[in-house]
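Here is a short report on selected local features of one protein model. Have the sequence and the coordinates open as you read.

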Amino acid sequence: YREHSLAQLNKWLRILMATFRFILVSILAFLLLSPMIKTIFREVEKPIVIVAQDNSKSILITKDSAYYHKEYEANMNNLIKDLQKDYDVKQFSFGDGVKEGINYSYSDLQTNISQLFDEIYNKYYGRNVGAIIMASDGLYNQGSNPVYSSKNQKIPVYTIALGDTTVHKDLILSSVLFNKIVYLGNDFPLQVNIDARECGGSTSQLTVSRDSTVLFRKQIDIANNNYHASVPVILEAKTKGIHHYKVKLSEVSGEITTTNNEKDVFIEVMENKQKILLIANSPHPDLSALKQSIESNENYELKTVFLDKFDGNVNDYNAVILHQLPANTNPANNLLLNLKSKNIPVWYILGTESSIGIFNSLSTGLTINDSRNKSNDAVPVYLKDFSLFTLTDATKKNLAQFPPLVAPFGSYKTTSNIYPMLQQQIGSVKTDYPLLFFKQDGENKLCVLAGEGLWKWRLTDYMLNQNHESFNEIITKIIQFLSMRDDKSKFRVYAKHNYSENEVLQFDAEVFNDSYELINSPEVHLEIINKEKKNFPFTFSKTDKAYTLKAGYLPVGDYTYNASVKVGDKTLSASGVFSVSALQVESNETIANHSLLFSLAKDHGGAMVYPKNLNDLAKMIATRDDIKSVSYEHKQLKDLINLKWVFFLLLALVTIEWFLRKRSGSY
């Protein structure tokens with residue numbers, strides 16, 4: 001293959017080509033050993049300093065409000081610039097919620113300090129957080145006490161004491177206690193609680209009015225500078241519907257603010273209560289959980305009785321709950337026949353005492369075979385396509401954390417005309433067995449909960465959220481479905497009667513065809529109209545089988561709405577009224593709580609400073625030995641053969657040798 005012998009080439013050229021060949025073969029042989037390269041990266045993270053500013057309205061109640069908009073803002077910006085030289089500064093505002101970046105508008109209507117610490121913990125857990133600087137007046141009206149909620153933060157906390165601790169002259173309508181639902185023809189009470197500071201010797205007029213008509217008037221004589229009084233007011237429920245009452249105290253000369261002198265009260269007058277009957281086979285903690293939940297809704301009146309003491313009269317009730325009935329020890333045949341003949345909606349709650357054989361004969365839509373009187377622990381799994389009613393996102397999230405119920409063991413078979421809301425997860429296996437379902441045949445309604453242990457859900461709800469709202473919502477929605485009279489309208493719009501000014505307006509709608517099947521193909525439009533006859537048009541968004549609309553925020557006032565949808569050649573409409581009420585909790589307290597800020601700083605090894613000493617904060621943090629940069633070392637192993645430059649090196653060696661051989665006339 002060559003025209004000339006290699007021996008004829010220059011010696012240095014033969015040595016050079018041999019060297020390239022030797023290096024190439026050596027590298028290939030070395031790569032057969034799978035060599036690896038270890039790379040060490042070092043990363044230095046500055047300490048993080050979190051600066052959080054209270055953006056609630058209570059900051060500006062004092063006479064120094066101009067200072068907070070100008071001089072204080074400039075001083076805070078200077079402090080942040082000083083800190084940014086040595087630290088990674090993260091800025092937040094808090095009030096109604098926690099937002100990134102500092103806002104000096106002081107416009108939030110509520111203050112939740114504990115949420116700030118929860119947000120910091122969740123966002124910066126495991127990070128090199130050196131200190132938290134929180135500027136606030138120490139007043140909070142949402143969430144838990146921040147001194148306790150911040151216990152999991154092992155970070156120095158420095159507080160900037162805003163606001164004024166001076167006791168100013170102020171008359172406060174602190175609260176109005178009332179029932180949200182009353183009944184037509186009854187008298188109902190309001191309890192008006194009044195506080196006054198530095199107003200001794202003054203007088204004020206307390207009035208309660210509706211639509212500019214004064215229904216109650218009383219003179220309040222303030223006896224001393226630390227005055228408190230509770231005034232009972234009795235009103236009459238004359239007409240059905242939502243009624244807006246305004247409770248107001250006339251101004252006292254020299255008050256620091258008058259925004260806390262009045263409150264809006266919204267009361268719904270209904271014709272009568274829905275009566276619910278709870279019949280149980282034997283004592284059980286579920287009974288108390290159901291009783292407390294149902295009675296928390298003013299619209300329901302509950303009677304609880306054991307079967308052996310029940311007189312058999314079910315005529316007066318809108319719905320009946322059967323807890324572990326029919327039972328192994330009592331088939332309750334007469335009761336079941338009576339309920340069926342009277343067409344009364346029933347909620348069956350199964351448990352270890354239930355007679356599964358008799359239950360299977362009731363045509364509830366569920367049969368359980370081979371039960372053997374055994375049970376399973378069934379975790380609830382919410383079904384997204386459930387459409388009879390909606391639950392809030394918070395309740396759906398909490399459901400996933402609720403403990404299992406004790407469900408009858410066996411093979412579950414269901415008919416096609418049921419509406420399952422919850423399915424059973426047994427261990428780690430998600431089954432298609434229903435845990436909670438509904439059935440409706442014409443006027444006949446029923447619900448089946450295939451498990452006992454609701455009391456655990458109620459306790460868990462309180463453990464997770466410090467309230468029972470999610471549990472109460474589930475129970476109330478079940479009772480509401482069973483007890484409510486059928487609405488034969490083909491277009492329905494659901495909305496609250498009253499919203500707070502910081503609450504998003506939410507509407508839900510349903511459209512039915514001639515067979516009363518849910519549809520959501522046509523567009524649904526809604527128009528909100530204020531008192532000045534200004535219109536705000538909206539279009540609903542479509543869900544799986546219905547519609548929903550979030551209309552944002554509206555100013556305080558009374559509104560009407562008109563909704564419409566075109567189904568075929570017919571236009572259906574619905575209308576209603578609602579109000580947006582002012583949220584005045586920020587003005588109920590005008591004295592800053594610096595003792596809370598001091599305790600918070602002391603418990604976390606920090607310090608409390610006043611706005612005039614802002615410059616001292618950077619020096620305090622700089623002198624701490626525990627706020628330092630952290631160096632992280634990362635090791636990385638790579639196969640040498642995967643490096644691209646190795647390939648190009650081998651290619652270069654082969655190419656150079658080939659070029660030299662060609663140039664010298666060899667082949």
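The notes below cover a pocket, a serine in a loop, a set of paired strands and some backbone details.

This is a predicted model, in which local features need pLDDT of at least 70, side-chain atom pairs count only at pLDDT 80 or more, and totals for chains, interfaces and linings use all residues. Residues are numbered from 1 along each chain as its sequence is written, and side-chain values use heavy atoms, with hydrogens and water left out.

H7 provides the largest share, 5 residues. By type, the lining has 10 nonpolar, 6 polar and 4 charged residues. Helices (at least four residues) and strands (at least two) are DSSP runs, numbered from the N terminus.

**Ser282**

Ser282 sits in the loop between strand E15 (274-280) and helix H6 (285-295). Is Ser282 buried or exposed? Ser282 is buried, because its relative accessible area is 19% and buried means under 20%, with exposed over 50% and partly exposed in between (1.4 Å probe, protein chains only). Its side chain makes a polar contact of 2.8 Å with the side chain of Glu353. Such a contact is a pair of N or O atoms within 3.5 Å, where one must be able to donate a hydrogen and the other to accept it. Leaving out residues up to four places away in sequence, Ser282 touches Leu287, Phe306 and Glu353; contact means heavy atoms within 4.5 Å.

**Strand pairing**

Two strands pair if DSSP finds at least two bridges between them.

| Partner of E35 (570-581) | Sense | Bridges | Residue pair |
|---|---|---|---|
| E27 (498-500) | parallel | 3 | Asn498 and Ser579 |
| E34 (557-567) | antiparallel | 11 | Asn562 and Ser575 |

The hairpin of E34 and E35 has 2 residues between the strands, and Gly568 there takes a positive phi near 65°.

**Backbone details**

Most residues other than glycine have a negative phi, and most peptide bonds are trans. Ser212 has a positive phi near 70°. Ser212 lies between strand E10 (203-210) and strand E11 (213-221), in a loop, and counts as exposed at 73% relative accessibility. The peptide bond from Leu325 to Pro326 is cis, with omega near 0°. Pro326 is in the loop between strand E17 (319-323) and H7.

Notes:
Ala, Val, Leu, Ile, Met, Phe, Trp, Tyr, Cys and Pro count as nonpolar, Asp, Glu, Lys and Arg as charged, and the others, Gly among them, as polar.
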